[in-house]
Amino acid sequence: MPDTPGPLAPFRVIDLTNELGQLAGRMLADLGTEVIKLEPPGGDESRFIGPFRGDVVDPELSLHWWTFNSNKLSATLDLTSPRGQQLFNQLLSSADFLIETCPPDAAAALGLGVETIRASHPSLVHTSITPFGRDGPYAHWKATDLVGTAMGGLSSLCGAPGRPPIRPTASQAYTQASAQAVVGTLIAQYQRTKSGRGQHVDQSMQEAVTFTHDNAMPTWDIRRINNERPGNGRQIGGYKSGQYVFEAADGYVACLSYGGLFGLTARQTVDWLDSHGMAGDLTSDEWLAKLDATQGLLAPPSGADSEYLNAVLSDFCKRFTRAQLVAEAQQIRNGWGIVHTPKDLLANEHLRAREYWAEIEHEDAHVTYPGPWARLSETPLSVRHRAPRIGEHNFYVYGNLLGHSDDDIMALSAEGLI
Amino acid sequence: MTDAPDKVFDGIRVADFAWVGVGPLVSKYLADHGAEVIRIESSVRPEPLRRAPPFVNDEPGLDHSGYYADFNSSKQCVSLNLQHPDGVTIAKRLIAQCDIVTESFTPKAMRAWGMTYEDLCAVRPDLIMIEMPMYGLSGPWAMWQGYGHVLQAAAGISHLTAYPGEEPIGTGVAYTDFLVPHFAAAALIAALDHRQRTGQGQNIDFGQMEAAIHATETMVLDYTVNGREQQALGAGHPMHAIYGTYQCAPRSGEIGGDDDDRWIAITISNDAELTALGDLAGQPAWTSLDPAVVETELAAWVRTQQAEDLMRRLQAVGVPAGVVQTPEDLRSDPQLAHRGHFWMLDHPAMGRRAYDGPSFRLSETPGELTKAAPLLGADNERVYKDIVGLSDEEYIGHLVSGAFD
């Protein structure tokens, strides 16, 4: 395999994750490691997660698979057989990391017990990503992404009052678990660089979601108030602010400045509205006094005042495009932003100027992917190649790495092991 | 004596200029695993979170914010006025003794102070510097500021976080502040590991938006490959018919009362789970009904059930289900308690408060929150004398001249 430029280029990862942890392997691959995704013969279950290219359900056309497995290699292996276990252990001996999402009660049977792996591979960093952690009262419980965002506390802060709690329609509990597992894994890696010894990293999805509460835990701890679902408002320390997303002439803008819309920059905001002749009554002494009083964040406008402010802003935003509004807001240090749709993102001038997007070659097309998530000056991350087909790298993995002959590999295949 | 290994980042010193959410949460990972993280702040332009509620006793004060405290466990803090004529010189003398510099201003700040990566390499050649502006160090939006509430919108996450067909309200939190620090920390620790092996430092340009886009799952590829703009589905999932949050009975039993806001997440991925759900609800026919009908009947049944009890009964028969837990619920959650997620730490001005610890457990070198958040300038004397190397006279001189304001 070619050398990669990333900071972790010398290292190899065995990736046994499902959708709960696939981003973790992807991030390690982006950092330059060689990631070998092990799939059961016939292909990984996540190859059947949609959407699919052209809506054709095919294990090689899942965009979910493409997104989370580009930069990885694929080898197939039947872990449930003794011979499969033997090959798995040979692979672990050649690897630096193992990341897996095996349910705790099934781990031992698949040779993934923490002590078993420690005994045979003391220098391996072994990372388990599970819904609730490897032990504890809920360890054997099942959880999907929504159950993760619910049990971790994020859903109680998403949605509108009196209506059902929601989640982002892109799995954040899985994302949080995977990304935080990478941090834990790399902390263990740094320790191994110093000591030569590996260890086990036990990542809980629920716990990964927990620290998305923003300020809700100290708010409960100090004020005994539960932050709530704010709908199209915001809240900080249990104090609620006014509306935050407004409709512009061509879409939506997100209008928070620190402490709510009329926080520290209230005067500048009023001047800005006034320069367009749209400040309404806000230039009156009475209103300016009220707005100055909100700067401490503890007494935001409420009731009829709040409704009036929202009405003034709504009228104002509808008159202008998102780009006009945000460019002018930024000039008065209001950190407004554009609510991007996917189409907007791909057309975004800033990301294009930074040459963010990565073009990856597939058999019959070039496909645009999100680019590297950090820019390291000496050891750059890279998005190098498309996700692998089922068992695409069996000859490399079992031949080049483990030293089996082509005939041996054909025999393993005939036995249904790979 | 024990033979426990040294802490992971023993001997690593960090000059932490970052503020608000993203930067402090990156250095928190280092501090909670043994690094000496020195926050550089100022009373002239205070770290904004020190001025953000909740405040202890509801009394605003730079050492009273629970918001700030939670993000800054295990750290030290000096005060330094970088606008003062001696401010930058002192900062550079400190950085010469540091392995890592973190910052999260818009790019003009470090340029104005003469503290770009190139400038700082002159005083510390193997430095690792991570810069974390909202939109990165270059490009037409580089000087734009923002907050996690806004960046979730710019990164496409808010587009996917809404009730179907309604305005893109996004999550109710400054979401990317609790997302991109993991990516930044991964890049930083990988760079530190590379330095440990090769001696080479480097600069990291971490544009928060570019990392946040990686949290949109298949949204980008569905557009670039299929030309389709994915849409928000409330709590729902495009591949599962039953995947939602359902309202339970209030604890008091009084529908419409103050506590009538208990919810449970229930998701069904296969026939076995639907069978188990139907059996538990006394509705074996659900397996053969239209999913929309099942949803209606399920919602009516759940409304009569207590959330925690229903969660346990559903999990017992193999149905993924979980209470929509509030902050109050999290503090008494038995699984989080088993893992020791919340650390109780004594703060000189705020008393004993709960702090979030890391969400992973390392078997040999677990994280440890060694102390509560620092008071502003708490470590001035030790840092400026012992690390920067100021004499007593120099220290007093700078103190009097306002360099440490």
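What percentage of the contacts in chain A between residues at least 6 apart in sequence join residues at least 24 apart? The share is 65%, where two residues are in contact if their C-beta atoms, placed from the backbone, lie within 7 Å.

This is a predicted model, in which local features need pLDDT of at least 70, side-chain atom pairs count only at pLDDT 80 or more, and totals for chains, interfaces and linings use all residues. Residues are numbered from 1 along each chain as its sequence is written, while chains are lettered from A and ligands numbered from 1 in the order in which they are written.

## Chain A as a whole

Chain A contains 16 helices and 14 strands. Helices (H or I, at least four residues) and strands (E, at least two) are DSSP runs, numbered from the N terminus. The C-alpha trace of chain A spans about 85 × 50 × 45 Å along its principal axes. Chain A has 418 residues, of which 56% count as buried. A residue is buried if 20 or more other C-beta atoms lie within 10 Å of its own, exposed if 12 or fewer, and partly exposed in between, with C-beta atoms placed from the backbone.

## Strands in chain A

Strands of a sheet pair through backbone hydrogen bonds, either parallel or antiparallel. Here two strands pair if DSSP finds at least two bridges between them.

Strand S3 (residues 72-76) of chain A is mostly covered, with five of its five residues buried. A:Lys72, A:Ser74 and A:Thr76 point one way from S3(A), and A:Leu73 and A:Ala75 point the other way. Strand S2 (residues 34-39) of chain A runs parallel to S3(A) and is joined to it by five bridges. In this pair, A:Ile36 stands opposite A:Leu73.

An open sheet of three strands has the order S9-S10-S11 in chain A, with antiparallel pairing. Strands S9 (245-248) and S11 (337-338) of chain A stand at the edges, each with a single partner strand, so one side of each is left without a neighbour in the sheet. Four bridges join S9(A) to the antiparallel strand S10 (residues 251-254) of chain A, and the bridge partner of A:Val245 in S10(A) is A:Ala254.

Two helices lie across these strands. Helix H11 (residues 303-318) of chain A lies across S9 and S10 of chain A and runs at about 35° to S9(A). Helix H12 (residues 322-331) of chain A lies across S9, S10 and S11 of chain A and runs at about 15° to S10(A).

## Where chain A meets chain B

How many residues of chain A are in contact with chain B? There are 130, and they touch 127 residues of chain B. Helix H6 (residues 172-195) of chain A gives the most to the side of chain A that touches chain B, with 16 residues. The residues of that side divide into 66 nonpolar, 47 polar and 17 charged. Ala, Val, Leu, Ile, Met, Phe, Trp, Tyr, Cys and Pro count as nonpolar, Asp, Glu, Lys and Arg as charged, and the others, Gly among them, as polar.

Strands also link the chains: two bridges join strand S14 (residues 375-376) of chain A to strand S6 (residues 202-205) of chain B, and the two run antiparallel. A:Arg375 stands opposite B:Asp205 in S6(B).

Two packed helices are described by the angle between their axes and the distance between the axes. Axes are lines fitted to C-alpha atoms, for helices over the stretch in contact, and angles run from 0 to 180 degrees between N-to-C directions.

| Helix pair | Angle | Axis distance |
|---|---|---|
| H6(A) and H7(B) | roughly 15° | within 9 Å |
| H1(A) and H6(A) | about 40° | 7 Å |

H6(A) and H7(B), residues 180-198 of chain B, are therefore roughly parallel to each other. Helix H1 (residues 22-30) of chain A is oblique to H6(A). Angles under 35 degrees count as roughly parallel, over 145 as roughly antiparallel, 65 to 115 as roughly perpendicular and the rest as oblique.

H6(A) passes H7(B) in a left-handed crossing, whereas H1(A) passes H6(A) in a right-handed crossing. A crossing is left-handed if the near helix is turned anticlockwise from the far one by less than a right angle, and right-handed if clockwise.

The contact of H1(A) with H6(A) has eight nonpolar, three polar and no charged residues.
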